Amino acid sequence: MLSKDSKIYVAGHRGLVGSAIWKNLERRGYTNLVGRTHKELDLTDQYAVKRFFDEEHPDAVVLAAAFVGGIMANSLYRADFIMMNMKMQCNVISEAYAHGVEKLLFLGSTCIYPKNAPQPMKEDCLLTSELEYTNEEYAIAKIAGLKMCESYNLQYGTNYIAVMPTNLYGPNDNFHLENSHVMPAMMRKVYLAKLIHDGEWDMIRKDLSNRPVGANIKENGETARYVIDGNSDE
């Protein structure tokens with residue numbers, strides 16, 4: 001068991017899942033939590049991740065950071081989804097092991113299971129048939145992360161746990177109308193429709209100013225912003 005003063009690094013601590021885990025740890029009395037925004041630490045940068053672990057030496061790691069999005073984003077940025085997530089996972093997990101971190105929690109996704117898996121799904125359905133094509137790259141990256149945890153445990157005796165949460169929504173979710181998941185997109189559209197019905201144009205301008213419809217993930221062929229754990233983490 002971790003002591004209440006154990007240093008716990010929560011990757012993606014400003015996102016949907018990461019922020020909820022952070023608050024839960026605080027409520028349970030853990031006082032030595034470490035988080036970094038994307039501007040402070042680019043998890044796709046192997047050398048930056050190594051420097052971070054050299055400096056902080058966390059006792060445990062929660063890997064809730066991910067390059068995520070909805071169906072449209074998955075379809076448009078397939079290369080980014082597999083490459084960014086693989087880089088982040090490989091860098092964090094390998095440096096965690098290199099720095100003696102024995103406890104690590106890896107957040108995956110239920111999209112790792114086959115498209116036509118029997119319902120209710122069982123864990124042994126994994127890798128038995130084809131994935132859903134629209135989020136195949138993200139699913140493959142998450143399967144790789146799960147297998148990395150399993151392999152480190154088998155080879156080195158670590159305690160790396162992979163969990164696959166179901167569809168989530170809540171505070172700090174991404175409400176972008178093009179790149180978000182279904183539930184937050186629907187919630188925002190209903191909200192905007194109500195404002196239009198009521199003629200609340202000032203509120204509509206405020207909403208569109210906070211979350212511009214035309215905010216792009218891509219700019220001049222480069223990734224303009226990361227969506228970490230469902231949220232912009234700049």
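Which residues have side chains that meet in a salt bridge at 3.0 Å, N to O, with Asp-54 as one partner? The legends below, which refer to a predicted model, open with this pair.

**View 1. A salt bridge joins Lys-50 and Asp-54.** The two side chains meet at 3.0 Å, N to O. Both residues belong to helix α2, and because they are four residues apart there, about one helical turn separates them. Lys-50 is partly exposed, with 39% relative accessibility; Asp-54 is likewise partly exposed, at 34%.

**View 2. Glu-56 and Lys-7 form a salt bridge.** Their side chains meet at 3.0 Å, N to O. Glu-56 is in helix α2 (residues 46-56) and Lys-7 in the segment before β1 (8-11), so the pair ties together parts 49 residues apart in sequence. Glu-56 is buried, at 17% relative accessible area, and Lys-7 is also buried, at 17%. A network of salt bridges links Lys-7, Glu-56 and Arg-36.

**View 3. Glu-137 and Arg-78 are paired in a salt bridge.** Here the distance from N to O is 2.5 Å. The pair ties together parts 59 residues apart in sequence, because Glu-137 lies in helix α5 (residues 136-156) and Arg-78 in helix α4 (residues 78-98). Glu-137 is buried, with 16% relative accessibility, as is Arg-78, at 16%. The whole structure contains nine salt bridges.

**View 4. Helix α6 meets helix α7.** The axes of α6 (residues 182-198) and α7 (residues 201-210) come within 8 Å and cross at roughly 150°; the helices are therefore roughly antiparallel. Their crossing is left-handed. Contacting residues include Tyr-191 and Leu-195 in α6, and Trp-201 and Ile-204 in α7. The residues of this contact comprise eight nonpolar, two charged and no polar ones.

Notes: Residues numbered from 1 in each chain as written. Predicted model: local features only at pLDDT ≥ 70, side-chain atom pairs only at ≥ 80, totals over all residues. Heavy atoms only, no water. Axes fitted to C-alpha atoms, helices over the stretch in contact; angles between N-to-C directions. Helix = DSSP H or I, 4+ residues; strand = E, 2+ residues; numbered from the N terminus. Parallel < 35°, antiparallel > 145°, perpendicular 65-115°, else oblique. Left-handed = near helix turned anticlockwise from the far one by under 90°. Contact = heavy atoms within 4.5 Å. Nonpolar A, V, L, I, M, F, W, Y, C, P; charged D, E, K, R; others polar. Salt bridge = Lys/Arg side-chain N within 4 Å of Asp/Glu carboxyl O. Buried < 20%, exposed > 50% of the residue type's maximum accessible area, 1.4 Å probe, protein only.
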